[in-house]
2 protein chains.
Amino acid sequence: MPELRKDPVTGRWVIIASDRSRRPSDFSRETVTLHGGRFCPFCPGNELKTPPEVLSYRSHGEPNQPGWSVRVVPNKFPALRVEGTLERHGEGMYDKMDGVGAHEVIIESPEHMTTFGGLPEKQIESVFWAFRDRTLDLKRDLRLRYILFFKNHGEPAGASLEHSHSQLIALPVVPKRVLEELEGAKRYYDFKERCVYCDMVRQEAESGSRVVVETEHFLAIAPYAPRFPFETWIIPRRHSSHFETADAPLLENLAWVMRTVIRKQDRVLECPPYNFVMHTAPVHESHMPHYHWHIEVIPKLTKVAGFEWGTGFYLNPTPPEEAARYLRDAGLA
Amino acid sequence: MPELRKDPVTGRWVIIASDRSRRPSDFSRETVTLHGGRFCPFCPGNELKTPPEVLSYRSHGEPNQPGWSVRVVPNKFPALRVEGTLERHGEGMYDKMDGVGAHEVIIESPEHMTTFGGLPEKQIESVFWAFRDRTLDLKRDLRLRYILFFKNHGEPAGASLEHSHSQLIALPVVPKRVLEELEGAKRYYDFKERCVYCDMVRQEAESGSRVVVETEHFLAIAPYAPRFPFETWIIPRRHSSHFETADAPLLENLAWVMRTVIRKQDRVLECPPYNFVMHTAPVHESHMPHYHWHIEVIPKLTKVAGFEWGTGFYLNPTPPEEAARYLRDAGLA
């Protein structure tokens, strides 16, 4: 019997159609493999083929020279630009504004032939430090209201270059999907006087059926109402609305959890294409008792079709309890 | 300079990144071609390989025999089922309910080797009559609150069988994306005392820059803030909230417009995979002065990636004025 489940934060319903295909081997997977060989603007030695770096962690060398371990550069084909104002213009009944913002690429390693999940823990930790440092720098620009970090891994998930990288887009408006989370979490807080994510962490840790991995600082779970098969959320155990307040022990632990989730996913789903996105509070808000930053990891296994576009309703063939069991049980090579 | 544009109904912002790739030939297209040859459960003679039909238009023959021109059958692997109740259950902080609903397939033609856009006008009109007849039948089930008609054309757009068909899903809740339209249209109506779609029809017909095709009863436009390149909306000129109230002259004209839009799209974009969805008012609402049914046609040209999943914000490389010009100028073979 299919089941309708409601996400407790956004109110989004999903159909868990558990009598359809659902085991890892039932999906027609597109394993991501690295080819190398072609010219790559992200490889050491080619620093001048990207716009000048805005951040690098390096053991030696000048900016825009080899010697870095993580390097952040503006996107060469940015979706948004730093120039412009926040003024809104009308066009009859319509509204528009300049595409003000920032679009940067975080090059996660000098190594071309290693995927994100294959990087050493310390390297992944450095990537999270870069997320934090870029946030602290960009939040000084008062025109920017939201900063999103995300990753597209593999061509089917939207990556155009294979060298391991993630991206940030800083926006002059708080995006709709984040607003939905903020508003839903606020409604829950107003009613319960508790953070909905803190409650989720408590209930999930206690029941255990949707837990993928847990550590001192984080819980990785298959959420109760996932849009996609094998979707996994990484949530800090202690309440915190802003990612950029994370300290060293937290980022060190996050690197381990992230690497573990990706490697388990690579093992169970044979190195699938995937996306991850980080949801955190808008940069200029102070501490929010009702919101809680987290990372959503989404392997790309199914096609989004007319039904999903038409409704915002998702059809998921894999119950999260089964997805969590597969991921939990997967040993790491 | 990229531009941020706001959809006047839902408030959704999109980035029109016009300095990225944008012409029809810039997309890596996956032309949909028909192969035939394999066993097809939708072909005449194979009627017993589908669940028994719930509707057919036929010149001769018994139900579930050849002789039909359009045939509607329950989906063999339904996402929702007719059995069950609307009762909601708790699971700690979470909510769920039985997956009650209907999931049907509209087989649009007995011909296997013709795509939807290649069907004669009269045949497409029959498909719309089937949409109407199924709505009138299903709305007698008071548990069902929303009926969505949609089409997935081509494997990249989610189709698993190539024989031309569309689908309906009847749901026990009004889906989020439709609610957003209903609420946004209501806000506009409360403020202006006019329907936002009627205003859109007026402004677009007058400016002409985003018009793809216009007829006595319909306007097909590239919307002001489209999520996807070459997205096209078909909107009735006269106000109407419920599709199922459409009469014969309207459906006849709709068939012509739909066929024209699909054929122009096939010509400009070389037979791309696409989805269409019909948005209409919830079935048990009476006439709504603020809502206006319409069809959204979305060719599948780009990949939805981390940024879109993370934000609900869309990045569209093709300004709708250019998309409309290409489609408007395309002659039909």
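**Reading the sheets, the contact and the helices**

Reply: Let us begin with a sheet that draws on both chains: an open sheet of 5 strands runs in the order β5(A)-β6(A)-β1(B)-β2(B)-β15(B), and its pairing is mixed. Please keep in mind throughout that this is a predicted model.

Me: Which strands form the edges of this sheet, and by how much are neighbouring strands turned against each other on average?

Reply: The edge strands, each of which pairs on one side only, are β5 (88-91) of chain A and β15 (314-316) of chain B. Neighbouring strands of this sheet are turned by 30° against each other on average, with direction ignored.

Me: Where the sheet passes from one chain to the other, do β6 of chain A and β1(B) run parallel or antiparallel, and how many bridges join them?

Reply: The general idea is that strands of a sheet pair through backbone hydrogen bonds, in either a parallel or an antiparallel sense. In this structure, strand β6 (residues 94-98) of chain A and β1(B) run antiparallel and are joined by 4 bridges.

Me: By what turn and what shift can chain B be laid on chain A?

Reply: Chain B can be laid on chain A by a turn of 180° and a shift of 0.0 Å along the axis, with an RMSD of 0.0 Å. The two copies are therefore related as by a two-fold rotation axis. The same surface serves both copies, given that 98% of the contact residues of chain B recur in chain A. If you wish to find the axis on screen, B:V304 is the residue of chain B that comes closest to it, at 4.5 Å (C-alpha).

Me: How many helices and strands are there in chain A, and what does its radius of gyration say about how compact it is?

Reply: Chain A contains 6 helices and 15 strands. Its radius of gyration is 20 Å, close to the 20 Å that the globule rule gives for 333 residues, so chain A is as compact as a globular protein of that length. Along its principal axes, the C-alpha trace of chain A spans about 60 × 55 × 40 Å.

Me: What is the strand order of the open sheet of 10 strands in chain B?

Reply: The order is β3-β4-β7-β9-β8-β13-β14-β12-β11-β10, with antiparallel pairing. Its edge strands are β3 (55-58) and β10 (211-214) of chain B, each pairing on one side only, and its neighbouring strands are turned by 15° against each other on average, direction ignored. As one pair to inspect, β4 (residues 68-74) and β7 (residues 102-107) of chain B are antiparallel over 4 bridges, and B:V72 has B:I106 in β7(B) as its bridge partner. Helix α3(B) lies across β10, β11 (218-221), β12 (232-236) and β14 (294-299) of chain B, running at about 75° to β11(B).

Me: At what angle do helices α1 and α4 of chain B pack, and is their crossing left-handed or right-handed?

Reply: For a helix pair one reads the angle, the distance between the axes and the hand of the crossing. Helix α1 (residues 121-138) and helix α4 (residues 248-269) of chain B pack at an angle of about 115°, with their axes 8 Å apart, and the crossing is right-handed. Among the residues that meet are B:F128 and B:W129 in α1(B) and B:L254 and B:W256 in α4(B). The residues of this contact of α1(B) with α4(B) divide into 8 nonpolar, no polar and 4 charged.

Conventions: Residues numbered from 1 in each chain as written. Chains lettered and ligands numbered in written order. Predicted model: local features only at pLDDT ≥ 70, side-chain atom pairs only at ≥ 80, totals over all residues. Axes fitted to C-alpha atoms, helices over the stretch in contact; angles between N-to-C directions. Helix = DSSP H or I, 4+ residues; strand = E, 2+ residues; numbered from the N terminus. Left-handed = near helix turned anticlockwise from the far one by under 90°. Contact = placed C-beta atoms within 7 Å. Nonpolar A, V, L, I, M, F, W, Y, C, P; charged D, E, K, R; others polar. Pairing = 2+ DSSP bridges. Least-squares fit on C-alpha atoms with pLDDT ≥ 70 in both. Rg over C-alpha atoms; globule rule 2.2 N^0.38 Å.
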